[in-house]
Amino acid sequence: MNNLSRKTVLTRALVSVFALATSSAIAQSFPDFTVSEAPVPGATGSTVNADKITGNYTEVVTFNGSPSSGTFDVSLRWNAGQFVANNGSTPVASQLGGVTANQYGLYALYRGSGTYTTASSLTTFIYNPTGNLSIFLDPASNTTFIQPGTGTTPFVTGNNSDDIALANGITTTGQGQLDPTLPTCPGAGGSGSGSGINCGNFGVNTTFNLSAAGTQYFTAPVPFYNVSFQSAQLNNGVAPNGTQVINGSLDVTFVGGSSVPPGPGPSPVPEPASIALMALGLLGLGLSRRRNG
């Protein structure tokens, strides 16, 4: 094989590697999943195909330390609103959060902790890998919640005798930022001059382990994704001291780790480091052939 042919083969191989990486990353942005509503008491046996669950949350966060740095404890309640598809752009019809007799609710409780630092007006949160997440079905949509006095204790639920535990998880990573001076934020304590409902955001990754009932509700892929990602917007600005209450929108997506085999669900995305090694290997192969040619 002459040098020109070798270069052509190498170039095509490299292009294929990076094209695969790019297309995989795009396809995996919001992996699809399937829900069966048949096991929900009172619901009809419909199937939902989606890639995200949207909803709203309220959290109680207690800051322990000075306004500039310290630790925090947070207790959060999330209520699901609807399923969406097409990378979170299209609402999907379901019985979740509806107004008909066969509607039902879906909620989660989260407890976590971490550290925070404040520079100027920006407070940055780093979550410890110790928080816990629990997700429940609320067949009659009648569960009540009592907000805790501090972020160190969970929300107390009532009318929950018919609720069904679907999954639980442990925090692996998480980070957030709060800036009450944003022009889209009403300001710390509601006293700022901004308008809107965006004062920052946070995201938390957790493991995701389904219960026996959860496998009947989240039916595909099999096995189901083993990681959940919660992405939230902070609607109001608060000062990083004492106990504060924040609310906003919060969406949930799922991803699969290395334990998810090829099958009904998408294959794991190649890690950037793996892609780089593949490219370097091909490049090394080409250089070796050039030296031996």
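Mentor: Of the 293 residues of the protein, 40% count as buried, where buried means under 20% relative accessible area, exposed over 50% and partly exposed in between, with a 1.4 Å probe and protein chains only. This is a predicted model, in which local features need pLDDT of at least 70 and side-chain atom pairs count only at pLDDT 80 or more, while totals for chains, interfaces and linings use all residues. Residues are numbered from 1 along each chain as its sequence is written, and side-chain values use heavy atoms, with hydrogens and water left out.

Trainee: How many helices and strands are there in the protein?

Mentor: The protein has three helices and 16 strands, these being DSSP runs numbered from the N terminus, with H or I over at least four residues for helices and E over at least two for strands.

Trainee: What makes C185 and C199 a disulfide?

Mentor: Their sulfur atoms lie 2.0 Å apart, and a disulfide is a pair of cysteine sulfur atoms within 2.5 Å, so the label applies. By this rule the count comes to one disulfide. Both C185 and C199 sit in the loop between β11 (164-178) and β12 (200-207), 14 residues apart, and the link is right-handed, with 90° about the S-S bond.

Trainee: Why does C185 count as buried, and why does C199?

Mentor: C185 has 1% relative accessibility and therefore counts as buried, and C199, at 0%, counts as buried as well.

Trainee: Why is the pair of Y127 and F202 called tilted?

Mentor: Rings of Phe, Tyr and Trp (its six-membered ring) pair if their centres lie within 6.5 Å, and planes under 30 degrees apart count as stacked, over 60 as edge-to-face and the rest as tilted. The ring centres of Y127 and F202 are 6.2 Å apart and the planes stand at 35°, so this pair is tilted. Because Y127 belongs to strand β7 (residues 122-127) and F202 to strand β12, the pair ties together parts that are 75 residues apart in sequence. Both residues, Y127 and F202, are buried.

Trainee: Why is the pair of F208 and F254 called tilted?

Mentor: With ring centres 4.8 Å apart and planes at 50°, the pair of F208 and F254 is tilted by that rule. F208 lies in the loop between β12 and β13 (209-210) and F254 in strand β16 (residues 242-255), so parts that are 46 residues apart in sequence are tied together. Both F208 and F254 are buried. A search of the whole structure finds 21 aromatic pairs, and ring pairs link F33, F83, Y104, F208, Y217, F218, F224, Y225 and F254 into a cluster.

Trainee: Which members of the largest nonpolar core touch the most other members?

Mentor: They are F33, I53, F83, Y217 and F218, in a core of 48 residues. Strand β4 (residues 69-85) gives the largest share of this core, seven residues. Such a core is a set of buried Ala, Val, Leu, Ile, Met, Phe, Trp, Tyr and Cys residues joined through side-chain atoms within 4.5 Å.

Trainee: What makes β2 and β14 edge strands?

Mentor: Each of them, β2 (47-50) and β14 (218-220), pairs on one side only, in an open sheet of three strands with the order β2-β1-β14 and antiparallel pairing. Two strands pair if DSSP finds at least two bridges between them, and β1 (residues 33-36) and β2 have four, so they qualify.
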